[in-house]
Amino acid sequence: QETDTITDDLWDELEESLLAADVGPGTTDWLIERLRQRVEEEHMRTGSQVQRALREELASLLGPSSSLRFAKQSPLTVILVIGVNGSGKTTSIAKMAYRLSREGQKVLLAAGDTFRAAAIDQLKEWGERVGVPVISQHPNSDPGAVVYDAIQAAQTRGSDVLIVDTAGRLHTKFNLMEELKKINKVIQKFIPDGPHELLMVIDATTGQNALLQARKFAEDIGLTGVIITKMDSTAKGGFAFAVADDLGVPIKFIGTGEKVENLIPFDPQSFVTALFAQE
Amino acid sequence: MAMFESLSKRLEGIFSNLSGQGKLTEDDVNAALREVRIALIEADVNLKVARQFVERVKQKAIGADVMGSLSPAQQVLSIVNEELIEVLGGTDDKNKLDLSGAPPNVIMLVGLQGAGKTTTAAKLANYLRKQGSRPLMVAADMYRPAAVKQLQTLGKQLTVPVYSEPMGANPVDICANSIAYAREQACNVVILDTAGRLNIDERMMNEIITIRNRIQPREVLLVADAMTGQEAVRVAQDFNQAVSLTGMILTKMDGDARGGAALSIRSVTGVPVKFMTVGEKMDALEPFYPDRLASRILGM
Ligand SMILES: Nc1nc2c(ncn2[C@@H]2O[C@H](COP(=O)(O)OP(=O)(O)OP(=O)(O)O)[C@@H](O)[C@H]2O)c(=O)[nH]1
Ligand SMILES: Nc1nc2c(ncn2[C@@H]2O[C@H](COP(=O)(O)OP(=O)(O)OP(=O)(O)O)[C@@H](O)[C@H]2O)c(=O)[nH]1
Ligand SMILES: [K+]
Ligand SMILES: [Mg+2]
Ligand SMILES: [Mg+2]
């Protein structure tokens, strides 16, 4: 049968499906080159072999799956959640709070977005829905002060996990990135090994800008993980390969809807499979 | 994996062995356009749109003279740039907001979750009021926690009235009732802030179809995030088919996203860009200038 041979059309198709999934020209080129090399070295004969090899390469770019890291030295685990505007930070925090509470953890939330209109109310409403208390101050108050309050409250109440919401900020805004560093410092002052997770939230419908965002956040304050939201959309989130590979930062969760249950631990295999799924 | 190198540099590289005289041959042009295509995809222009665009440019570039002061690379870039401006709508009047109907003129904002609809509703109200209109904003998102409060807060900041109903009200009824309220209050522009939704969520798409049919807005604007990737085309096509878009607003252009999604949407649906937003403040709304976006997409 000649239908499964390695043809120019096959290479074109592979390239196209990667680019259409937002994998990006750089990573796509690299992958195609790598595959051509493997075809030679491993004497591959069929298109199916190439397809399988591509899935292996993609999965290896993503690295192994990785779960949330909890505090070892202090009784309190602090999770700081950051990202550009509207990516899904606040909603993902509610989902994590829901998840962790169900696992028996005593969770507290900090309303660190004191800037956006009704951001505090949004987090409070989620807190009520999930049954988790929220520490907040007035709109426009200093986010560092909110975080300070929240750490004190968490310690007094004997909370296990404190999740800090922050205002959306584009990575290009110097002042806002400085503000984030300050929030991070407040956490480190009271919890020397914290924050135990510095999670960046990226919207799956984002294109090539995702890598610039992640790189800047990683440089400025460091990242321990990524959450990709809105995977229930038709977008594939192909930027994830460059993000995970370039920065060596694991993807921890996938958001798959607007409900509290719609957060699932990241699984590299199913992410790669979904990349090639037709709608 | 190599970082994106500026397009003009890469084109200079390709033409380095060309004398800068004579006409561009098909081979020269093909080599250059391969780089252009990659640059467009790097700027989040949809793959198919990039391919069609490059085809268009090819016809114009082959045989072009490179005798003037422009280098071959500059020549190709300038053809690409002009064509981009053209596809983005040039000096088309379609890029302007149309509020020429009998008042109140209704502007309906639709789009994916988190694109910037609510913030943009307030910026638009602010913009229109400065132009002498009396806007009313309508809180038609009954799903997102504190969505109504968000719009009310912005309304209070701007002292622009907000029409809202208690939780549990039907968004279609809210919109319909708001028109009567606008008349009572002598507001001549009504801005509907709808909930974010996925283009493949049938129930939620039916909601905006019903609102559109019932209210017959003068403008139905897709609010699209400048950072959107390859899926922008599909999203815009689905929204356009559902509610017949009259325009789009490209948000979050204050970052370093190249905004190629706007080119994709414009070329596939013909829907014009009417505004860009460039920040979280209430005055961060700008009319759309195709030449600026073209330069941005090309990284110039
Ligand atoms: N479909 C879908 N929508 C989501 C998902 N996660 C979040 N959203 C929606 O995206 C929108 C923005 O979410 P938020 O949680 O407010 O985002 P944010 O990053 O906190 O936004 P800012 O604080 O304004 O920067 C809301 O309408 C959410 O319901 C997801 O996984 N799928
Ligand atoms: N930097 C920047 N942020 C923006 C811009 N426009 C909107 N935002 C921010 O993007 C986030 C989402 O904006 P919203 O107006 O809540 O978006 P939405 O489309 O109403 O969201 P949903 O109702 O959840 O679908 C907020 O943090 C806004 O402040 C912009 O032009 N630049
Ligand atoms: K998807
Ligand atoms: Mg938020
Ligand atoms: Mg909204």
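Which helix of chain B gives the most to the shell around ligand 2? In this predicted model, the answer is helix 5, which spans residues 117-130 and supplies 4 residues. The shell as a whole counts 24 residues. The closest are K117(B), T119(B), R144(B), T277(B) and E280(B). Residues from chains A and B surround ligand 2, so the site is shared between chains.

By class, the shell around ligand 2 has 4 nonpolar, 11 polar and 9 charged residues. A polar backbone atom of G114(B) lies 3.0 Å from an oxygen atom of ligand 2. The side chain of D254(B) places an N or O atom 2.8 Å from a nitrogen atom of the ligand. E280(B) is listed among the closest residues. An N or O atom of the E280(B) side chain is 2.7 Å from an oxygen atom of ligand 2. Taken alone, ligand 2 exposes 650 Å², and the protein buries 96% of that area.

Ligand 1 has its own shell, with 23 residues. G88(A), K89(A), T90(A), T91(A) and E258(A) come nearest. This site also draws on both chains. Residues from chains A and B surround ligand 1, so the site is shared between them. Helix 4 of chain A, residues 89-102, gives the most to this shell, with 4 residues. The class count for the shell is 1 nonpolar, 14 polar and 8 charged residues.

Ligand 1 exposes 650 Å² when taken alone, of which the protein buries 96%.

The two chains also meet each other directly. In chain B, 37 residues are in contact with 44 residues of chain A. The size of an interface is often given as the accessible area lost when the parts come together. Between chain B and chain A, the buried area is about 3500 Å². Carbon and sulfur atoms give 57% of it.

Polar and charged pairs cross this interface as well. There are 16 residue pairs in polar contact between chain B and chain A, with both residues at pLDDT 80 or more. The count of salt bridges between the two chains is 3. One of these joins the side chains of D121(A) and K149(B), with N and O 3.1 Å apart. Three helices of chain B give two or more residues each to the side that touches chain A. They are helix 2 (26-42), helix 3 (47-61) and helix 6 (147-158). That side of chain B has 14 nonpolar, 11 polar and 12 charged residues.

Over all chains, the structure holds 26 salt bridges. One lies within chain A, between R34(A) and E57(A), whose closest N and O atoms are 3.2 Å apart. R34(A) sits in helix 2 (residues 25-41) of chain A and E57(A) in helix 3 (residues 47-62) of chain A, so the pair ties together parts that are 23 residues apart in sequence.

Some backbone features stand out. Most residues other than glycine have a negative phi, and most peptide bonds are trans. In chain A, a cis peptide bond joins G194(A) and P195(A), with omega about -10°. P195(A) is placed in the loop between helix 7 (174-190) and strand 5 (197-203) of chain A. In chain B, P103(B) and P104(B) are joined by a cis peptide bond with omega about 0°. P104(B) belongs to the loop between helix 4 (72-87) and strand 1 (105-110) of chain B. K230(A) is not a glycine, although its phi is positive, at about 60°. The loop that holds K230(A) runs between strand 6 (225-229) and helix 9 (239-247) of chain A.

Definitions and conventions. Residues are numbered from 1 along each chain as its sequence is written. Chains are lettered from A and ligands numbered from 1 in the order in which they are written. This is a predicted model: local features need pLDDT of at least 70, side-chain atom pairs count only at pLDDT 80 or more; totals for chains, interfaces and linings use all residues. Side-chain values use heavy atoms; hydrogens and water are left out. Contact means heavy atoms within 4.5 Å. Buried area is the accessible area (1.4 Å probe) that two parts lose on being put together, summed over both. A salt bridge is a side-chain nitrogen of Lys or Arg within 4 Å of a carboxyl oxygen of Asp or Glu. A polar contact is a pair of N or O atoms within 3.5 Å; within protein, one must be able to donate a hydrogen and the other to accept it, and residues adjacent in sequence count only if both atoms are side-chain atoms. Ala, Val, Leu, Ile, Met, Phe, Trp, Tyr, Cys and Pro count as nonpolar, Asp, Glu, Lys and Arg as charged, and the others, Gly among them, as polar. A residue is near a molecule or strand if one of its heavy atoms lies within 4 Å of it. Accessible areas come from the Shrake-Rupley method with a 1.4 Å probe; for residues, only the protein chains shown count as cover.
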